[in-house]
Amino acid sequence: MGQALYRAHRPKKLDDVVGQEHVTTALSRAIKNGTISHAYLLTGPRGVGKTSIARILAHEINGLPYDDDSMHLDIIEIDAASNRRIDEIRDLRDKVHIAPTSAKFKVYIIDEVHMLTKEAFNALLKTLEEPPAHVVFILATTEVNKLPETIISRTQRYAFKPVDLPKVVAHLRAIADDEKIKVDDAALELIAAHGEGSFRDSISLLDQVRNSAEKVTLADVQATLGIAPQELIAQLLEALAAHDAPALAVALQAVHAGGHEPSQVAKQLGRALRAQLLSGKPMLATDVILPLLGKLLEVSSSSDPKSFLEIILLDAAFSGQAPAASVASASPAATPAPAAPKIMKEAVQAKPPVVTEPHPSTLRKAAPAPEPAPSTGAPAPTAEPAAAPAAHPEPAAAQPSPVQPATGGALDKSIWPKVLAAIKAKHNTLFSIVRATEPRFDAPGTVTLICAYPFHQKRLNEQRNKEVLGDIIQAVSGQNVRIVCEVGTPEAVIQAGPPPLPPADEQVFTAQPEPTAAPTKQTQTVQAISNIFGGAELLES
């Protein structure tokens, strides 16, 4: 079995460590001058050389040669992540008084020391403060904030820093040449950037991609990391800047189809937006770009990164639109027809005669239904016009029906406003989806709904929703239709909003509150997301 590159190229001397000269210089002088401390604390991000320097230091203060595979009885490494209890620290405290077997100092290296329990820290504290003269402690951690101040104050602390990108690239090039790995400079730069200042992460990635091709290219590294091409990132940014939701949805679909990791795409977008801010020429408004940068950081920790990335980008696309754009026009309350508020107000104040029951004193006993005439072949006498039932409606007719059945109506776009009004009266969630589609009546007996988003198509294809929609269309047109849902780009629907509702004399108005003030930016955003994903999918916190 081959050895990992990061182990094969681990530094063997303090002078071999790259990027931490402020640490190696101070430790080298301490060894040369004989001013060795009884306890050291090495802190910093992962993969920058803390453990390597701890091992090198443990050997050099004892004058021993260091090899990655070498072991010495007087150099004890303890992994605090798996030896964090008080019992292990008590055992260590009892053994520190035993003299070294052959070396000058007995060195204890405690890695990930922040994992120790509170009781274990208390047990270590006295020993760490006043250890025997032959004992040296070297503590290493990536989370110094979790260490008690009493521990930190009893050590010499050395803070490691992420390695500069040019130094990482140069070190990777040296390793690639030594291992005879053919790799482009652009690929090495991407590997180093992905490592974010960590030598171990960068070298491990080089080890992973070394067998991707005869010569590793930038595309090979991008495919391994799930990074989207710059052209696709530019397409996303352009759609955001233009507040073009359909174009943004198309670009996101390309991201998912290409197998690019949402967390990586979020990082790329964050870097690009940050670069625009620093250049002083951002493509988005500051009040949009700053919240977006914060939300992009949360993509990697989301339980559903793909959906979370899509939602925050659509929210940013809708946030910068003017009130007359698609966000405002998508809400019927935001852009009512000019006469609608007056009609609705009058409908609330008036008393519809159909719901006013006649006074008991004016009621007449209903005439019995006439007996059916015998079949004599003569034409049946014509009945009186149905004027009386209109003047004296039955109680059952007091409840208005939101859908007035029609017979033989034309199956074309002229019926669609009536269909929308009927859907809104019966099923508000379904109405929020159907209103954002574009109906087509190309085939006889078939209604094709063009959806802007796959999510809308999925909801409309649910059997329950199809049955409700089919029943309403049949009630309005008098025809039994087949409903087909397809994904397209109904630009007219998105730009101009939903089709108008039917005229006032064909609508059934119910009591509604007075129109409120213009919607706020937050309500516009919520309404826009509701138009895309459906009202039932929104959760308010």
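Start with helix H19 and helix H22: H19 passes H22 in a right-handed crossing. The model on screen is predicted. Select residues 416–426 for H19 and residues 463–477 for H22; the two axes come within 10 Å and cross at roughly 130 degrees. Because angles of 65 to 115 degrees count as roughly perpendicular and those over 145 as roughly antiparallel, H19 is classed as oblique to H22.

Now show the side chains at this crossing. From H19, pick Trp416, Lys418, Val419, Ala422, Ile423 and Lys426. From H22, pick Leu469, Ile472, Ile473 and Val476. This set divides into eight nonpolar residues, two charged ones and no polar ones.

Next, select residues 218–225, which form helix H10. Which residues of H10 are buried? They are Val221, Gln222 and Leu225. Look along the axis of H10: these residues cover an arc of only 100 degrees, so they lie on the same side of the helix. Then step just past the end of H10 to Gly226, where phi is positive, at about 75 degrees.

The last stop is Thr446, in strand S7; select residues 446–451 to show the strand. Is Thr446 buried or exposed? Its relative accessibility is 8%, and the cut-off for buried is under 20%, so Thr446 counts as buried. Leaving out residues up to four places away in sequence, Thr446 touches Leu411, Arg440, Phe441, Arg482 and Val484. Show those side chains together with Thr446 to view the contacts.

Methods: Residues numbered from 1 in each chain as written. Predicted model: local features only at pLDDT ≥ 70, side-chain atom pairs only at ≥ 80, totals over all residues. Heavy atoms only, no water. Helix = DSSP H or I, 4+ residues; strand = E, 2+ residues; numbered from the N terminus. Buried < 20%, exposed > 50% of the residue type's maximum accessible area, 1.4 Å probe, protein only. Contact = heavy atoms within 4.5 Å. Arc of directions from axis to C-beta. Axes fitted to C-alpha atoms, helices over the stretch in contact; angles between N-to-C directions. Parallel < 35°, antiparallel > 145°, perpendicular 65-115°, else oblique. Left-handed = near helix turned anticlockwise from the far one by under 90°. Nonpolar A, V, L, I, M, F, W, Y, C, P; charged D, E, K, R; others polar.
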